[in-house]
Amino acid sequence: MLLDRSINELATRLRKRKITIEQLVCESIARCKAQAKELNCFISLRTEQDLLEEARKKDADFTVDKHQLYGLPFSVKDSYVTHHLPTTSGSKILKDFISPYAATVVEKLLATGAILIGKNNQDSWGHGASNENSDFGVVRNPWNPAYISGGSSGGSAVAVAARMVAFAIGEDTGGSIRNPASMCGVSGLKVTYGRVSRYGTIAYASSLDTVGPIAKTAEDLTQVLQVIAGVDAKDGSSSQRPVDNYPASLLKPVAGKILGLPKQFFGTNYHPEVRSTVLEAIAQLKTLGLQTVELDMPVLDFAIPIYYMLASSETSSNLARYDGVRYGTDRDGFLPESARRIMLGTYALSAGYAEDLYKNAQRARTLLVNSYQAAFAQCDFIVAPTTPSPAQKFGELLDNPIENMLADLFTATVNIVGVPSIALPIGFTKTKLPIGMQIIGNKFQEAAVLQLAHQYQQITQWHTQAPPTK
Amino acid sequence: MKNQILHLAKLAALSISGSEIKKYEKQLEVIFEYMDQIKQLDLAAVPETFRTTEEENVLRGDIVTPSLSQSDALRNARRTHNGFFVVSAIMKDEHAA
């Protein structure tokens with residue numbers, strides 16, 4: 001299968017005329033036909049005729065100096081506005097919405113010549129870690145359709161894992177790229193806040209939202225990040241720092257670097273197979289010449305209350321715009337997960353409570369920032385599991401708000417502090433469900449985390465494993 | 001708690017019906033209690049962090065740049081009139097019949 005191959009391999013084959021873009025797009029269409037309905041990973045797909053026309057035109061225009069991503073099929077989470085296709089954010093409130101403009105991340109990828117196949121299913125408004133909270137139905141895990149895909153960018157992770165696209169764009173506010181990437185056995189990158197423009201992203205929580213890629217490998221992630229990173233005049237919070245050369249950094253030596261292991265992340269209060277697999281992966285990282293240091297970061301124990309107080313407050317404000325006037329339907333269409341977050345946020349921001357709740361969460365956020373800064377004075381990377389358990393069966397997280405929140409236990413602090421983190425596949429449970437791990441770096445250290453992840457993938461094979469196909 | 005849920009729903013313009021009120025009452029009670037953990041932290045002297053970006057006051061010149069056309073801007077509106085969005089009345093006219 002062509003879509004088993006890396007972006008570099010596909011680009012090289014296209015250059016040598018060993019394959020055509022039409023072949024690639026045909027394979028993508030065939031993969032979608034075979035499984036997209038069952039796994040429910042797309043909300044909208046372009047028509048076969050439309051895609052084939054674009055592929056043939058791109059084949060005709062192909063020259064060797066085209067971009068690496070030219071002609072490669074990709075998809076985006078339905079939280080990104082696009083021309084022509086609907087943008088729903090997974091909610092029926094926006095079921096008829098067709099945006100009059102496109103997100104910067106989409107514009108940048110289309111400018112390379114990459115081919116947008118469709119828009120991925122998600123927990124509506126990014127609210128959820130299981131992709132069960134979508135008005136377009138649950139997303140199923142390609143490794144075992146009786147299990148959740150993870151969320152909220154579940155559809156994007158599934159489309160990559162099931163080889164329907166070469167890469168996808170997810171959105172991560174508290175773990176929404178990393179969680180489904182790990183549950184589906186693919187790699188996902190949460191970038192430093194501001195590294196990638198958020199323009200055209202349907203906002204969940206504006207001080208935490210980040211735009212990032214999901215792909216099979218760390219190397220593929222660098223190819224996509226290189227295109228989408230950078231300042232954007234349309235997003236005032238996008239960083240003016242120059243963008244690193246990510247692919248060029250991949251092979252720089254990592255020996256002597258220090259991995260920090262927060263003892264709050266390595267207790268025994270989560271799935272034993274996740275814990276033992278992460279410890280095995282750390283042992284393998286040590287074979288690359290890395291050392292480890294134990295960290296004590298007590299404020300990590302408060303991650304979930306701090307995250308939910310901030311994210312709910314911001315989302316209650318952001319979702320106030322869906323009043324049915326300028327677009328969308330009226331406010332009856334919010335699912336229970338969103339209604340709970342809106343009410344919690346409204347409470348935290350309401351007169352008389354804001355000082356105690358919202359502002360104290362912002363003060364606690366400072367403690368987390370300080371804690372990460374102190375940690376990075378002692379180490380180069382922080383290692384953590386991605387999720388406290390592998391993919392669950394459907395229904396286990398619904399209507400259990402605390403369990404549902406705890407799914408973000410290891411991922412949410414990264415957003416609160418604004419640092420980058422890659423999630424990568426590191427093994428399987430006995431029942432063959434993927435397990436993932438995070439490598440967290442200091443701000444704007446995307447090159448370093450991708451480099452370490454890439455070198456881990458040079459000595460392991462987990463990233464080459466594909467789920468059973470039909 | 002029930003009154004609090006109804007108050008929050010009113011503030012957030014959410015319509016919540018009978019059986020839902022009971023469900024949210026229970027769930028939000030558990031959530032609020034869980035959130036109370038933050039009170040265990042000593043925060044009196046800690047400043048707030050509202051954002052993690054390094055950028056400050058990103059401004060641009062006050063120059064007209066290309067923008068959406070009026071028809072594009074109105075394309076998703078439920079109701080329009082002469083190039084305007086039509087909204088439901090939010091205040092009652094006491095003198096009207």
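This briefing describes a sheet, several helices and a chain contact in one structure. The model is predicted: local features need pLDDT of at least 70, side-chain atom pairs count only at pLDDT 80 or more, and totals for chains, interfaces and linings use all residues. Residues are numbered from 1 along each chain as its sequence is written, and chains are lettered from A, with ligands numbered from 1, in the order in which they are written. Helices (H or I, at least four residues) and strands (E, at least two) are DSSP runs, numbered from the N terminus.

**The sheet of chain A**

- An open sheet with mixed pairing holds eleven strands in the order β1-β3-β2-β6-β8-β7-β12-β13-β11-β9-β10 (chain A); two strands pair if DSSP finds at least two bridges between them.
- β1 (42-45) and β10 (291-295) of chain A stand at the edges with a single partner strand each, so one side of each has no neighbour in the sheet.
- On average, neighbouring strands of this sheet are turned by 30 degrees against each other, direction ignored. Axes are lines fitted to C-alpha atoms, for helices over the stretch in contact, and angles run from 0 to 180 degrees between N-to-C directions.

**Strand β3 and its partners**

- β1(A) pairs with strand β3 (residues 115-120) of chain A in the antiparallel sense, over three bridges.
- A:Phe42 has A:Asn120 in β3(A) as its bridge partner, and A:Ser44 has A:Lys119 in β3(A).
- Strand β2 (residues 73-77) of chain A pairs with β3(A) in the parallel sense, over five bridges; here A:Val76 has A:Lys119 in β3(A) as its bridge partner.
- Six of the six residues of β3(A) are buried, and the strand is mostly covered. A residue is buried if 20 or more other C-beta atoms lie within 10 Å of its own, exposed if 12 or fewer, and partly exposed in between, with C-beta atoms placed from the backbone.

- α15(A) has 14 residues and reaches 20 Å from its first C-alpha to its last, close to the 20 Å expected at 1.5 Å a residue; the expected span is 1.5 Å times one less than the number of residues.
- Twelve of the 14 residues of α15(A) are buried, among them A:Glu446, A:Leu450 and A:His454.
- Helix α5 (residues 154-161) of chain A has eight of its eight residues buried, so it is largely enclosed by the rest of the structure.
- The buried residues of α5(A) include A:Gly154, A:Ser156 and A:Val160.
- A:Arg163, with a positive phi near 60 degrees, follows α5(A).

**Where chain A meets chain B**

- The contact takes 46 residues from chain A and 39 residues from chain B; two residues are in contact if their C-beta atoms, placed from the backbone, lie within 7 Å.
- On the side of chain A that touches chain B, two or more residues each come from α10 (303-318), α11 (336-349), α12 (355-376) and α13 (401-406) of chain A.
- α12(A) gives the largest share of that side, ten residues.
- By class, that side of chain A has 25 nonpolar, 14 polar and seven charged residues. Ala, Val, Leu, Ile, Met, Phe, Trp, Tyr, Cys and Pro count as nonpolar, Asp, Glu, Lys and Arg as charged, and the others, Gly among them, as polar.
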